[in-house]
Amino acid sequence: MNQQAQNPITAQKYTLELLRPYRRHLLYGLTSLIIVDIADIMPPIIIKTAIDAIEHGNEMRTVAYCGLALLLTAAVQATFRFFWRQFFLGTSHKSVYDLRKALFSHLLKLPFHYFSRTRTGDIMSRLTNDIQEIRFMLGIGILVALDASFYFMTIPFIMIWLSPKLTLITLLPFLMMPVMVVLVKNAIHNRSRDVQARLSDLSSKAEENLSGIRVIKGFHTEDSEISRFSSCGRAFVRDKIRLANVEAFFHPALDLVIAAGMVVLLYFGGNMVIAGTITLGSFMAFEAYMLKLSWPMMAVGWIINLYQRSMASMERCLQILREPVARSPIDSGQTTQDRESSDKGEAPVGYDIELDNLCFTYPDATQPALRNISFKLPEGRTLGITGPVGCGKSTLLRLLMKMFAPDSGHIMIGGRDSRDIDLNELRQLFSYVPQETFLFSETIRENVLFACSDKTREEAAEAYAQRAGLADDIKEFPGRLETMLGERGVNLSGGQKQRVSLARALAAERPILVLDDCTSAVDTETEQRILSSLQKQVRKQTCIIVSHRMVSLQNADLILYLDSGEVVEAGSHEELLQRGGRYARAWERQRIKAQLEEGS
Amino acid sequence: MEDYFNEDDIKAPMWDTGLVRRMLPYLRNWRPHFLLSVLLVLAGTAVQISLPLLLGRAVDLGIKIRNFELLWHYVMLYAVGHASFFVILAARNWLLQYTGQQILHELRTHLFSHIQKLPISFFDRTPVGRLVTRITNDVATMAELFSAALINVSGDICVLIGIGLMMLTLHWKLGLAALLASPLLYYVVWILKGKMRDTFRHARARLAMLNASLAENVSGMSVIHVFSQEAAREAKFDEMNTSLREAELTSVFYNSFFSPVVTIFSAITLAIVTTYGGWLVSTGEISIGLLITFIAYTQAFFDPVRQISEQISVFQSAMASAERVFGLLDEAPEPDLESGREFTGLNNEIEFRNLNFSYNSDKQVLKDLSFTIKKGERIAVVGHTGAGKTTLAALLKRFYDYQDGQILIDGVDLREFSRSSLRRRIGLIQQDVNIFSGTILDNIFLAEGSFDKNKLDSIILELQMEILIDKLPQGIETQIFERGSNISAGQRQLIAFSRALATDPEILILDEATSSVDSETESIIQRSVQQLTSSRTSLIIAHRLSTIRNCSRILVLHNGRLVEQGSHEELLKQKGHYQKLYELQFAEGDKE
């Protein structure tokens, strides 16, 4: 977290940073805005001139000019109104594009534990709702703020020019407006909060009811539930009406303030026209300007509100950007890339894996997850890991793949300490089939070739799919390999997903293949077929298989039985059976279970 | 994962008469309110139209003629007009909110009640989250159609027509000149709005896709990391992000035309009115006051255009939501729960006779199952996962009806009894306890008004609950937090047991949890199960050796068939299926 101190960029500053590349566009936008607003404040004066001319009589030429002038200002206004939206709103979309890009590329660099402690929903809400809020501010917010300021800086002066006395009298009620907006907005805010709370009561009541529907039906208490839900609903309606009590009056009340100004204008202005202090045209122009001034008055509150919300949103986005990225001892993107490519050309230097007294405790845990793990796995051999739930199997894999760093002890790969291997380089060594299958909503081919270095080879995907035991399944899909997965395509069964995940790992063609309990959703027979095909084809590949199904491990060169983070037994299948320890007992239990499942 | 991609909303029509007709019954109770709203809309329109007229009169009769008294008179009228407009508008807004919320409430309660009546099989296939969305968001969006959109749009249309008619009445030539441009305006706006909507939807679809992909990338981050595919993913994301930006910019482009178009048309109209009207004034055909009225009308004429075009998307989402809500209301409910004979008690025995059952046609869950339970007997059912144990309980409570064979209660087919009486008198204790918000007491007596002090005392006595209750801050009246986070596992179990006892069950079904529990809870369960089942006919879906040992008979199910039955010792001697199960599930050894 000390990164935070070094990186004290504020939400406001970052907002400016976001806008900086588009400052020229904003300048054009501002220019358009000024032209539009100038064109917009002209018509009342033109109409005033026209009316005054009509009043004097026989000045039809002036009236006609006025008509022309109206059209002209409208044409100018229309043209630049088009540009101001283009520039301001366009910029907001471009800036948000940049922000999204920055956030996503930063997320990609964050370490594993960030994602294990942060909910996807939380990240998503920042990437969707908060970004939306920021875009609002950058687009329509800036536009309205500039627009309103221009009106404030011009219209009162025009009115004073027309008649200082009348300006003073008519604008007095207007001053109530911002005060009213702030006060009422507060009341509205509080009451909306209550409404939100009732709404969330209502939806949790519904959720609770629906999750417990079997109990409710079981006890036949549907009617009580309906009446309880209904009373939640009534509470919601009651608060909603409380909100309506304020909200319903708010906008009409603003209109009323404007109307008060108008009534005052009609009386005093009318008297002044009669007295000859001002012309009828000025009187009309006054009316028009008051109307024009009313909306920036209302906008002030809205802008302040939007600004505060968007800065809070920006802050939430910045929290992601401030997260320190995954550390990498050799911190140079370019050279890493170079080494990778040169590595591929050479024959493998050796991928023997050796663990020496490895210990690890999760950041918030009290109990260590792994204790003094040591073993040697020569290149090309297969390691099996088993043990009860929570014994540290997956943790061991995470450490191997450097998702976490060990507290003490060493992981040596090819004779090098994994601490000294660049993160990127290290990850190029592993093909991983995770326990919880995760596939992308893309085609099967794209999923299989996810990490394949040569994506152009058409037949490659099919070959890997076949090796993963997917051939038969694929024949049944409408688009074969081009079938989309997920909601907009087919939904695969658990076993099919795991096989796609396996094909993906095979296609990555890395020296070490890691299978994390990956065939749990596949029946034993299919699993055996897949494993034996792996055994044949990847003789040179080092394999680490984690499974609680022991038949999967029987052919491994070395099997570790873990419990509570410690290696309890180690050896080959035969050795462990002979020993008659926990492995042997577990093996026996699984044998019985298999018999039960087969049916007696 | 949340649903970021909702195609219905993007493709829904603006108006669907069939759907709207289905909504009408919900308005029936609120006819006077709607009538009043319509009256208020009309009154508001009338006032709004009369204000410019008053202004014009004030100029003509007050200012021009220098009549202070008349001017004062019109100022007062003008003030009254504005004040009444305020009252009407506020009343209309309030009434709309009020009526809208009441309708929403009725609709929501109706939907909720309907959901309560749906069969269990419906809940088997529908995720809870989706139903919650229907009850909260969709219903609200749908109700918005009545409360805001419909009335506001009709109000705007009234203003448009009113102003048009007024101008024509006041001076038909000038009125006609003022209205000259509006048909063209509407045509252009219509075309433009279509284009705007299309590009907007396109952008929204892109955004939804981008968000879906983002969510996927975030949840699959470890896969991306492990395969070091950051760069490829970033490129792919950038592609989507760029296409979103382009779609948004296109949408902005078409959007940018809208306000210039309205500006141009209002300026043309204003120019026509000013010059032609000015000429008319100079020829003495109309007064200056009337011209001012006309100018005010022209200015007011263009607001509704904007308003109406903004309501279109509200209509659209309302239609999409209505479609989903009615889809849910069309789900067939369970048959009448009360119909059939009342189940009052068991005299003799329950017999399962050649029972066959499947949830859906492809997999038979129970096969030719026959056995009898005598009154007062305590029976354990054991079997491997998926053997059909839990199905037995669901069938006894008539959550599902069997297709073939019979369950007979004292010789009468179970299907002849009413579902409600069976559900009340057959207590089912599930050990993943569903805790509802409210007090402990509420959770024991689930049905409203079913609280009975004597019964509570006897339950407390029977389950020896005093000690546990005393531990809680407010005793039995303690509020339970969401999902029961402030009570212990043992207390939860006790709630489940006492909940079942509160309905005086004639037959008890216990579905024991498979998971292991702490020793305190274990002892509570053992004691309570023993106590509860000693005097009642009970069927225990057992996972605990202690429970099984206390049962007079054990039924061993395998793949939906009854393969063995007898006492624990007898079955062990047979060295058959039970013995294997026993070794696997109950014998000491490694827990998996």
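Helices α4(A) and α10(B) are roughly antiparallel to each other, because their angle is over 145 degrees. Helices here are DSSP runs of H or I with at least four residues, and strands are runs of E with at least two, numbered from the N terminus. This is a predicted model, in which local features need pLDDT of at least 70 and side-chain atom pairs count only at pLDDT 80 or more, while totals for chains, interfaces and linings use all residues. Residues are numbered from 1 along each chain as its sequence is written, and chains are lettered from A and ligands numbered from 1 in the order in which they are written.

**Where the chains meet**

Axes are lines fitted to C-alpha atoms, for helices over the stretch in contact, and angles run from 0 to 180 degrees between N-to-C directions.

| Helix pair | Angle | Axis distance |
|---|---|---|
| α4(A), residues 60–109, and α10(B) | about 165 degrees | 8 Å |
| α3(A), residues 23–56, and α10(B), residues 230–282 | about 15 degrees | 10 Å |

In the α3(A) pairing, Ile47(A), Ala50(A) and Ile54(A) meet Thr274(B), Gly278(B), Val281(B) and Ser282(B) of α10(B). Contact requires C-beta atoms, placed from the backbone, to lie within 7 Å. By type, the residues of this contact between α3(A) and α10(B) are four nonpolar, three polar and no charged. Here Ala, Val, Leu, Ile, Met, Phe, Trp, Tyr, Cys and Pro count as nonpolar, Asp, Glu, Lys and Arg as charged, and the others, Gly among them, as polar. For the contact of α4(A) with α10(B), the division is 25 nonpolar, 16 polar and eleven charged.

Stepping back to the whole contact, chain B supplies 111 residues and chain A supplies 111 residues. On the side of chain B that touches chain A, α10(B) gives the most, with 28 residues. That side of chain B holds 52 nonpolar, 38 polar and 21 charged residues.

**A sheet in chain A**

Chain A has an open sheet of six strands with mixed pairing, in the order β6-β7-β8-β3-β9-β10. Strands pair if DSSP finds at least two bridges between them. At the edges stand β6 (430–433) and β10 (566–571) of chain A, each with a single partner strand, so one side of each has no neighbour in the sheet. From one strand to the next, the twist averages 15 degrees.

Inside this sheet, β7(A) (residues 512–516) and β8(A) (residues 542–546) run parallel and are joined by five bridges. Val514(A) has Ile544(A) in β8(A) as its bridge partner. Helix α17 (residues 494–508) of chain A lies across β6 and β7 of chain A, at about 175 degrees to β6(A).

**Two local views**

In chain B, β11(B) (residues 553–558) and β12(B) (residues 561–566) run antiparallel, joined by five bridges. These strands form a hairpin with two residues between them, and Asn559(B) in the turn has a positive phi of about 50 degrees. His558(B) stands opposite Arg561(B) in β12(B).

Back in chain A, Met272(A) belongs to helix α9 (residues 222–275). Met272(A) counts as buried because it has 21 C-beta neighbours inside 10 Å, where the cut-off is 20 or more other C-beta atoms, placed from the backbone, within 10 Å. Leaving aside neighbours within four places in sequence, Met272(A) is in contact with Leu166(A), Thr277(A) and Ile278(A).

How values were computed:
Contact = placed C-beta atoms within 7 Å. Buried ≥ 20, exposed ≤ 12 C-beta atoms within 10 Å, placed from the backbone. Parallel < 35°, antiparallel > 145°, perpendicular 65-115°, else oblique.
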